[in-house]
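Have a look at the structure, then work through them step by step.

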Amino acid sequence: MRILTDFNDDWLFEGRDRVRLPHNAVELPFSYFDERAYQRPFTYSKAFLADPAWENREVTLRFDGAMANTVVRLNGEIVATHADGYTPFVARLTGRLVPGTNHLSVTIDGTENPAIPPFGNVIDYLTYAGLYREVWLQVTTPTHIQNVKIETPDIVRPRAEIRVMVSKPEGRLTAVIRDKAGVEVARAEAPAALDTALTLETPGVALWSPENPALYTLDVTLTTDQGRDDLQTRFGFRKVVFSPEGFFLNGQRIKLRGLNRHQSFPYIGYALGRAAQVKDAEIIKHELRCNMVRTSHYPQSTYFLEACDELGLMVFEEIPGWQHIGDKAWQKASVENVRAMITRDWNHPSIVIWGVRINESGDNHDFYKETNAVARSLDRTRPTGGVRYITDSEFLEDVYTMNDFILGNEELGGNRPRTPLRPQQEVTGLDRPVPYMITEFGGHMYPTKSTDQEQRQAEHVIRHLDVLNAMYGDPQIAGAIGWCAFDYNTHKDFGSGDRICHHGVMDMFREPKFAAYAYASQSDPSEGPILQPVTFWARGERNIGGILPLLILTNCDEVELRYGNHPPKRVKPDHDRFPHLPHPPVIVDNRVFTKDELGLWGMKWEAGTVTGFINGKQVAQTHFAADPVATRLEVAPDATTIGAHDSLRVMVRALDQTGHKLPFFPEPVSITVTGPARRVGPGFVPLRAGSTGFWLQAHGAGEITITVSNDRLGTVVTQIISE
Ligand code: GAL
């Protein structure tokens with residue numbers, strides 16, 4: 001039996017601090033830091049005892065990800081090197097261990113080494129140094145399973161086509177597929193070759209889809225004279241097709257509505273483990289109600305991808321890179337990244353397309369011919385895409401994936417009137433329609449902070465809606481993935497100078513801006529009603545004043561607005577302005593309230609109530625106070641329990657008497673944590689747009705107490721159980 005042991009405890013960082021992985025080499029402030037702080041080498045070391053039971057076994061260390069240029073030494077001897085910062089690698093210890101104590105040392109280098117993709121020029125994100133993912137000790141029989149691939153090319157007569165790669169062609173292989181309940185679905189056996197193909201007929205299986213992400217497990221066992229080795233993999237049955245008519249999953253056309261995600265968090269960079277990765281997937285699926293995410297611009301945590309599998313969130317995964325292509329050796333490393341990404345992730349049903357081009361790079365025939373060839377030779381079932389922003393670019397992939405930032409371009413003085421998306425053939429320059437998807441829009445064209453004026457945030461919302469509307473209206477567009485889900489820290493060359501790109505529909509703590517509801521409101525009401533007026537409900541926040549035109553983001557079919565004691569008005573979604581959106585917003589403007597009616601409102605500012613109806617039935621309601629006062633401090637952890645070595649997000653919000661956040665309440669809160677957990681980030685922070693957040697990192701079981709205080713709103717004490 002294969003033994004996999006957690007190897008994350010008791011690392012000595014820089015000869016000084018005892019740390020547990022995942023670990024970030026340099027913790028950064030929230031903003032205005034010097035990003036060169038982590039751009040240097042660091043050392044992690046660890047002493048461990050060789051177990052006599054490892055005699056005559058294959059012993060390896062599996063590194064899930066280390067940034068970057070890693071060198072692993074065992075007892076002074078180099079046992080592994082790995083330059084890329086995003087893909088996994090192994091260090092083989094077999095035959096090199098000494099009895100008793102062994103010394104492991106791992107050096108990483110956070111320098112932006114131009115020999116390693118994505119480096120060589122500027123990049124708009126940070127690549128935080130550290131052993132930022134986990135390390136596992138793996139013990140197997142000397143002849144062992146190296147990898148397993150499962151393809152499900154046919155869903156009419158479903159079958160699993162399996163390839164098992166073993167280290168030596170000896171012994172017998174057994175493959176068993178089980179459903180979620182553990183019931184056996186199919187089984188096959190064969191003598192083990194280096195690369196063994198097995199086909200398992202699986203009639204009657206449930207297909208994987210966003211609505212029903214049915215998962216199966218494949219158990220592969222290799223039996224040799226040395227014993228048994230086994231590998232368990234999860235997968236799903238599904239078929240993806242991108243055609244000039246759009247995207248089809250299991251034969252059904254689906255419009256892909258998504259956002260880009262960077263895997264970074266405030267202060268701690270990339271180094272959050274399972275719970276934070278899963279939470280991000282949940283936020284994108286359930287809060288933003290997207291069906292697609294792009295892992296811009298690199299392979300992300302497998303915990304994130306596993307969560308996407310479970311949630312039914314489709315994924316565009318791509319190789320590391322940003323605009324720049326290096327020399328031949330660099331390109332070779334990039335081709336290896338294609339191989340490493342696909343062989344790591346080919347069994348995730350959530351992944352529907354591989355990005356095999358350096359994000360937004362120029363054409364390079366030989367390089368991209370090769371990345372495409374490698375991807376196609378490794379995986380027959382998924383198309384390739386290559387994200388560009390140049391038009392008329394050479395189309396070597398299966399799907400033309402385009403960052404279309406045309407909206408807002410008119411502000412640069414062009415003659416073109418406001419255009420959400422360009423027609424496909426204008427972009428591709430091809431004489432025929434091809435499979436086509438929008439992989440970015442928005443972002444730097446209209447950076448918007450959660451502290452920005454309501455009016456700007458409303459325009460932010462409209463821009464996202466305009467592009468989604470254009471996407472829904474054009475049958476030749478498979479989908480659109482906005483830039484981006486969450487604000488992120490970046491280099492001085494980008495963002496607002498504060499080292500933040502305020503491009504998210506959520507802030508860095510994943511707190512929604514109004515634009516988040518542009519996405520959420522496109523969901524079916526069966527997922528729950530969305531009712532989000534784009535307003536802070538104040539007379540003088542906007543230029544000149546008032547709250548009209550008022551956008552109400554909703555999937556309700558009718559909305560009522562009541563202002564003070566004036567007669568309420570019922571308003572329907574604006575299908576004229578946004579004809580293609582599944583759920584256009586309700587727009588309250590002078591078509592709804594005449595000038596005379598507004599005149600009657602007077603100068604006295606009144607309370608408001610917005611109510612959402614579906615089929616005449618009230619399903620949602622929100623009240624706004626005319627006189628908001630700071631009333632309550634809310635401390636909202638994502639859960640009341642935390643894994644003994646995991647992390648948990650806690651949001652802190654200042655609320656008024658109706659429960660709305662106070663957008664302009666920048667007062668500080670102090671945060672203390674006692675018990676077996678550490679607070680990530682400082683303990684005295686301002687509220688930004690009425691909220692802040694932090695992560696807890698547990699280091700053992702027990703009771704954790706969080707105390708949050710504000711001079712005006714008092715103290716809130718919250719208990720979390722670490723188990
Ligand atoms: C794109 C790029 C993204 C991000 C975005 C900002 O050009 O691919 O990484 O920088 O612009 O809008």
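On a 1 Å grid over the protein atoms alone, a pocket is an open set of points where a 1.4 Å probe fits, with protein on both sides within 12 Å along at least five of seven lines; lining residues have an atom within 4 Å of a point. Points are joined across faces, edges and corners, and a volume is the space filled by probe spheres set on them. The model is predicted: local features need pLDDT of at least 70, side-chain atom pairs count only at pLDDT 80 or more, and totals for chains, interfaces and linings use all residues. Residues are numbered from 1 along each chain as its sequence is written, and side-chain values use heavy atoms, leaving out hydrogens and water.

**Exercise 1.** Describe the second largest pocket.

Start with volume: about 1,100 Å³. Next, the lining: 43 residues, with Y517, Q532, G659, H660 and K661 nearest the centre.

**Exercise 2.** Now try the largest pocket.

Its volume is about 1,700 Å³. The lining has 46 residues, and R62, D64, N147, L231 and R344 lie nearest the centre. Then ask which helix gives the largest share: that's α3, with five residues (helices are DSSP runs of H or I, at least four residues, numbered from the N terminus).

**Exercise 3.** Is E370 buried, partly exposed or exposed?

First find E370: helix α4, residues 365-378. Because its relative accessibility is 44%, E370 counts as partly exposed (buried is under 20% relative accessible area, exposed over 50%, partly exposed in between, with a 1.4 Å probe and protein chains only).

Methods
Helix = DSSP H or I, 4+ residues; strand = E, 2+ residues; numbered from the N terminus.
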